[in-house]
Amino acid sequence: MNERQAQYICTIASEGSITAAARKLNVSQPSLSQMIRQLESEAGVSLFDRSSLPIQLTYAGRQYVECAKTILAASAKLENQMKNIRMESSGVLRAGISVQRGMKILPLALPEFHAQYPGVDLQIREAGSATLEEYLRTGEIDLMFAAIDSTSPEFDYQLIEKEIIGILAGSGSGLTDVYENGSALSVEDTAYEKYVYLRRGHSVRVVQDQLFRKYALEPQVLLETDSLEVARRVTAATGACMLLPNIYYDEEMIKAGAMFYPLKKYTNRRHFYASKRKNEELPRYAHDLVEIVRETLHQGRQPEE
């Protein structure tokens, strides 16, 4: 018995007639009848009692169908296993990441990922957090790495790294002459400072707009840009202010004389997550990419010896 024969016999048994089975299987009734006669001839027994309507299985036919179901179930299981194996080692993964995070993570994470999964076509899209959320929602990407608020019922979230939002103040601003680096400040303390804005679509801009509305602030805008890198460098060079996650306050900013002030009376709910659509299974290599990114960030935070 091969898989095709097993499927045909089970379909006849379930449909109750050769004609109905032929229609469901999309084969001709004469060819299906011929196949049954050939099977019965080879087995030396009748599989169907043709004297009744609907057609009934004989005792031998019932034994045959039991074996046929076992064959079909085993075949389906094997095909599923082979599919899973194929998905483990090859395929396409569409991932989105915020631009600044991509600059830090991708040069370290991608070589390791491609070494583990050379058969996977990893397609990266870079955009602001709000844009990436829309890409994930509409199915344009499969996996998202971004600083977001983990509240959407459409997504599953894995926390990778927590962020503290603060005020980056360039040397010569009204803050750096008054407050020590690391002091907790409110955005109200920056009411008369010039600000560098990130354009809408960035996680920090979402927080900034919320706080400015809350405290009815309209600071002077020195620059509005899509690039976090441009924003923090301009801020440091001009004595302006901007809102910034603590992870981007680094040696470069310290050497430039910029200071970082964590926001007072503000609990950040937007952290760096790996996210996928809820109830959608991703292949193993997607989960491994998340772990590679997590490990990359962890190693990057280790103090140098």
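Reader: Which residues have the most contacts inside the largest nonpolar core?

Author: A nonpolar core is a set of buried Ala, Val, Leu, Ile, Met, Phe, Trp, Tyr and Cys residues joined through side-chain atoms within 4.5 Å; buried means under 20% relative accessible area with a 1.4 Å probe, protein chains only. In soluble globular proteins, nonpolar side chains tend to be buried together. Here the largest core has 33 residues, and Ile167, Val187, Tyr195 and Leu243 have the most contacts inside it. Elements giving two or more residues to this core include strand E7 (165–169), helix H7 (203–214) and strand E10 (241–245). Helices (H or I, at least four residues) and strands (E, at least two) are DSSP runs, numbered from the N terminus. Another core, of 23 residues, lies apart from it, with Leu93 and Phe145 among them.

This is a predicted model: local features need pLDDT of at least 70, side-chain atom pairs count only at pLDDT 80 or more, and totals for chains, interfaces and linings use all residues. Residues are numbered from 1 along each chain as its sequence is written, and side-chain values use heavy atoms, with hydrogens and water left out.

Reader: What does Val187 touch?

Author: Contact means heavy atoms within 4.5 Å. Leaving out residues up to four places away in sequence, Val187 touches Ile167, Tyr195, Leu211, Phe212, Tyr215, Leu217, Leu243 and Leu263.

Reader: Why is strand E12 largely enclosed?

Author: Eight of the eight residues of E12 (residues 270–277) are buried, so the rest of the structure largely encloses this strand. Two strands pair if DSSP finds at least two bridges between them. E12 pairs antiparallel with strand E5 (residues 143–149) over six bridges, and Met144 has Ser275 as its partner.

Key. Buried means under 20% relative accessible area, exposed over 50%, partly exposed in between (1.4 Å probe, protein chains only).
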